[in-house]
Amino acid sequence: MSNTQNASHDPAESNRDDRSADAVTQTTAGESQEETQTEWTDYEFRGEPKLSVDDLDVYYGDERALQGITMDIPENSVTALIGPSGCGKSTFLRCLNRMNDRIKSASVDGSVELEGEEIYQDGLDLVTLRKRVGMVFQSPNPFPKTIRDNISYGPRKHGDIETGLLARLLGDDSGEREEKLVERCLKQAALWEEVSDRLDDNALGLSGGQQQRLCIARCLAVDPEVILMDEPASALDPIATAKIEDLIEELAEEYTVVVVTHNMQQAARISDQTAVFLTGGELVEFDDTDKIFENPESQRVEDYVTGKFG
Amino acid sequence: MSERTLRNQSRDPLAVEYSAALAGLSVVPIATFFAAFVVGGLTLAGQRSLGSTILGIEIETVLTALLFVAGGCLLAISVGSRYGVIETTPDRSAGLGVASGFGFVAFSGIGLAMSQTFGLGRLVWAPLALIGGLTVAGAIVFAREDLGVTVPAGLFSVAIGSLVLFDGLTPAWAWSPAGFGVTFNGTVLIPLLTIVAGLVTAWAAANAFEGFGAAGRQAGAFFLIGANATLILLVLLLLIAFIVKNGFWYAVDGIEIGPGLNFHWPFVMDGYDVVLNQKGIYPAIIGTFWLVVGALVMAVPIGVGAAVFLTEYAEEGRFTSVIDIATNGLWSTPSVVFGLFGYAFLVPRLGNNTSLLAGMIVLGFMLLPLVLITSREAIKSVPDEYRDASAALGVSKWETIKDVTIPSAMPGIVTGIIIGIGRIAGETAPILIVTADNPQRSSAPAIMGSFELTTSPPFIVNEALLSGSSALPYQLYGAITTGVVGDDPGYGWATAFVLLLVVLSFYVIGITTRIYFRKKLQA
Amino acid sequence: MSNSLRTSDSSDIENPTAGDGRSPVLVAGGATLAGALLSFLFVPGVTVFFVLAFLGVAVYGWFVHQEATAKGLMFLATISTALVLVLITAYLFLRSFPAFEQMGLEILYTNGDYWSRGDDRYSLYPAIWGTVLTTILATLVAAPLGVASAIFISEIAPSWAHEIVKPAVETLAGIPSIVYGFIGFTIINGYMMDNFGLTSSGSIVVVGVVVGLMALPTVASVAEDAISSVPDHMKDGAVAIGATEWQTIKSVTLPASFSGISAAVLLGVGRAVGETMAATVILGNVMQLPEPLYNVFGNTVTLTSLIASQYGNAHGLHMQALFAAGVILFLTVMALSITAQLIEARVKQNLGGEL
């Protein structure tokens with residue numbers, strides 16, 4: 001089957017494999033309705049798959065949060081993950097850059113490949129993974145530093161930008177490069193106009209929407225390939241939300257964006273394809289966004305997107 | 001839209017390749033550090049001398065060998081990494097922190113050698129040492145990180161090893177720095193320097209194990225922080241083990257069991273009586289018992305009552321912040337100051353002599369802030385939903401507090417009280433000033449039998465409460481100051497053992513209760 | 001009955017439910033207790049009458065107006081906490097005043113002839129200097145090791161190690177200071193004389209290290225609270241752009257909890273300043289300065305050990321000088337405690353905002 005990695009080194013690993021196998025059989029055999037897995041996994045992408053997820057299970061302690069997720073996420077597009085709360089869509093998102101490793105009780109079983117390279121392999125360099133797969137969180141979380149330092153934080157930690165005494169001693173001061181980087185990222189995040197005259201102010205003084213765009217800019221500064229967004233606009237007012245939505249569509253020209261949202265209109269507006277998770281941590285349908293919202297295969301998905309259930 | 005200057009580097013492979021050579025070479029210094037710590041530690045503690053042997057090898061030789069092995073491994077890593085034989089991912093420089101650290105070591109080493117060994121004047125050694133230190137620091141700053149970390153650490157280790165090997169530093173060597181009344185002997189310095197060098201090389205090796213860079217620095221830092229935690233654990237265990245080893249047999253000496261219910265434990269059940277040849281601490285145990293009981297009676301109602309008032313009735317404001325300042329102030333007031341206060345305030349009013357009652361009240365004052373702070377935390381952590389649910393049923397606030405809030409907060413309150421008891425049971429200074437008279441007493445205070453009714457105020461008197469008493473910590477202090485320990489060290493150790501047993505039991509019970517209730521809450 | 005009983009400050013309590021006949025009980029209770037206190041201060045003999053009267057009022061109130069009585073009693077409990085501190089301050093100052101008056105500034109600093117019972121001259125200069133030296137050494141031990149163990153406990157330790165180290169640090173706080181003193185006296189003092197050629201039993205460096213070990217748990221537990229109150233989502237921000245855990249700790253967690261950590265160190269310093277028994281037993285308690293001043297291998301006395309070693313045979317000005325030592329200790333520790341609280345209050349304010 002797939003490569004296995006348990007964040008909590010659970011001894012019951014083999015049991016778990018059995019259980020997940022059982023679960024897959026149950027889903028396929030037990031569900032007599034039209035939505036068997038094969039129907040939507042055959043879905044043809046416009047681009048290359050950037051991330052391919054194969055039979056992913058996630059447990060919190062003994063509780064299964066995700067079961068048997070298999071999907072390919074295409075390059076340079078927006079993929080929306082929707083579903084009712086508690087359906088595991090955020091958990092799924094956090095599996096894609098292994099942020100779940102930080103939760104002690106979480107264990108992951110299955111395979112996620114980034115451009116064909118397994119991210120749950122032994123000896124994986126988490127730093128490189130998270131540089132390539134960036135993340136923006138539900139509530140804006142800028143560091144209590146200046147706007148400039150927020151942007152250059154990542155590159156500094158990776159040794160790409162160095163200022164200060166040591167850098168000057170080594171003749172390596174990249175102050176100019178920092179300026180350029182800050183400007184590029186803020187422009188990309190559509191924040192430059194608003195903050196260009198106060199880059200040395202504390203980021204906590206910005207409004208919520210500005211903070212969230214700063215977090216996106218901070219993420220862009222390490223030059224990721226994939227950007228994961230966990231309900232990035234849920235804490236914001238409608239105007240700030242609209243700005244973030246525009247930004248997401250723009251980013252998709254260069255980046256692969258995966259966005260979790262509980263707002264179906266938002267998913268319909270911004271995404272190219274949509275995955276619907278329903279209660280119990282299963283992926284029910286994954287297809288072009290238009291198809292999901294206009295003519296879903298599954299009755300349950302139709303009920304959910306039309307608001308009959310959820 | 002953008003020039004993506006950094007794009008190339010994001011194609012780094014996801015997996016890190018571990019080189020077996022690097023892993024092997026960097027594990028060795030960590031292992032030698034532990035060996036040096038154990039062997040050097042035993043030598044420092046006087047359990048072994050440098051001349052004695054371990055596995056047939058002289059300890060001095062063992063320590064020297066460890067220094068050379070650890071240093072050699074690091075130097076091998078540096079060469080391998082420099083010429084690409086061993087694959088690593090170092091940064092451009094080890095940084096100013098590492099540079100100034102090793103620079104300082106070089107400065108002190110050169111300075112000490114120049115001034116003490118060669119007797120050069122300040123004007124000569126200071127500039128030379130400064131130049132040496134700056135050269136080392138500069139070399140580290142401008143060298144690549146792998147070299148900047150491993151080479152100085154390796155050289156440091158090898159240099160100390162060479163000093164010992166070529167008799168620059170022998171067990172007989174001694175150095176008395178001017179101005180300090182102290183002599184550093186080779187017998188102490190050799191194991192000490194070996195342990196220090198071992199720590200430095202192990203840090204560098206942990207750094208190398210992860211291939212330097214950010215991951216390497218993390219490994220180095222985590223190694224030091226982990227070593228610190230281990231050291232604290234070790235200190236605690238050694239303290240306890242030491243006291244148990246020295247005091248246990250004396251304390252349990254002469255226990256008689258049977259026939260029937262007859263049980264006699266001389267050390268715990270006898271007084272201290274030269275005539276009867278008894279050396280026991282029964283009066284002190286009983287004294288401590290009554291002191292704790294009295295302090296509890298004083299502090300628990302006041303502390304818990306104030307905690308309830310502050311969390312449930314008082315609104316945050318000037319009043320609560322004044323009380324906060326007072327509580328925290330009381331918490332940090334030195335125990336000897338409590339003693340002075342008791343001496344000035346209580347002693348003159350309670351019969352003008354030291355007394356058990358004064359000790360109870362002073363310890364009660366000391367226990368009060370602890371009980372208040374922990375009870376307040378416990379009551380605060382009762383979820384508001386409980387209070388709302390009760391209030392929504394039309395139950396009055398007081399009934400809610402009585403039936404819902406306090407019972408839910410009980411585990412926290414009780415834990416706080418238990419740990420508080422542990423703390424005051426070991427307090428010495430206030431007892432010394434307000435309660436104690438004769439440290440080695442032959443009889444225990446008979447509190448229960450001393451109550452007498454009188455016709456004049458205060459109508460009820462208790463002679464025992466108003467007389468001095470001993471207590472466990474005071475007994476230990478008295479044993480030291482009256483010279484009992486000098487004649488019979490076992491008596492002191494056994495007293496320390498019983499005191500530690502009493503105090504730590506309260507801590508263990510308190511901490512276990514807390515963990516138990518926390519687990520229960522989570523489940 | 002409803003929640004209308006919230007009181008905001010002390011003045012409300014006298015009269016929280018005016019008009020329904022409960023306030024007389026509260027007033028009577030308060031009056032009898034105040035009477036008890038005043039009589040204890042000035043005529044201890046009659047205190048018992050006031051105490052009995054107070055008990056009578058309290059029992060009556062409990063059966064007739066339980067809620068109001070309970071609240072009143074709890075209010076009195078709250079007040080008495082502050083009152084204890086007021087009493088301590090008052091008595092220390094009262095008792096030490098003559099010493100300050102007679103010795104003037106010489107009580108803090110004088111040249112030579114520090115302590116003479118014959119001349120009735122008492123200067124605390126050596127004791128103050130001894131306290132400063134031991135506190136500096138203790139802080140050098142307690143602050144770095146304490147903060148490092150706080151980082152270990154809250155950020156680095158896997159759960160099994162967390163379960164061991166956290167209780168261990170707490171237990172370390174539980175070892176009575178006299179036990180540390182005993183070990184210092186019987187073992188370490190002799191060790192230092194044998195191996196480091198010290199000429200007298202007891203040295204500042206031993207006291208400093210031992211007291212540092214005793215202050216370490218305070219630093220560790222307060223700093224741990226500060227570090228673990230940095231919200232996870234802030235650390236996630238750093239980890240999600242590829243910072244290592246250590247980079248996150250250094251550049252996000254520690255700066256964000258910096259104030260709390262400084263409060264922890266201040267409280268640790270306070271513990272070290274006030275530590276009594278270990279210093280008393282280990283030091284020689286000689287009223288002299290170490291020679292030269294920075295000779296940490298020398299012998300001297302600290303404020304705390306001065307009080308504990310001399311109170312027994314002190315009278316008159318001598319005793320008042322010891323109270324003056326108590327005042328200096330008390331003021332130092334209160335200043336540290338209040339500073340730490342101000343810092344913590346600011347942290348709370350900051351964390352209450354955006355963090």
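Which residue forms a salt bridge with A:Arg132, with the closest N and O atoms 2.7 Å apart? It's A:Glu225. A salt bridge here means a side-chain nitrogen of Lys or Arg within 4 Å of a carboxyl oxygen of Asp or Glu.

Quick background, everyone. This is a predicted model, where local features need pLDDT of at least 70 and side-chain atom pairs count only at pLDDT 80 or more, while totals for chains, interfaces and linings use all residues. Residues are numbered from 1 along each chain as its sequence is written, chains are lettered from A and ligands numbered from 1 in the order in which they are written, and side-chain values use heavy atoms, with hydrogens and water left out.

Back to our pair. A:Arg132 sits in helix H4 of chain A and A:Glu225 in the loop between helix H9 (208-220) and strand E8 (226-230), so they tie together parts that are 93 residues apart in sequence. Helices (H or I, at least four residues) and strands (E, at least two) are DSSP runs, numbered from the N terminus. Both A:Arg132 and A:Glu225 are buried. For the cut-offs, buried means under 20% relative accessible area, exposed over 50%, and partly exposed in between (1.4 Å probe, protein chains only).

A:Arg132 also forms a salt bridge with A:Glu115, with 3.4 Å between the closest N and O atoms. A:Glu115 counts as partly exposed, because its relative accessibility is 36%.

Now zoom out a bit. Salt bridges that share partners link A:Lys50, A:Glu75, A:Glu115, A:Arg132 and A:Glu225 into one network. Over all chains, the count comes to 33 salt bridges.
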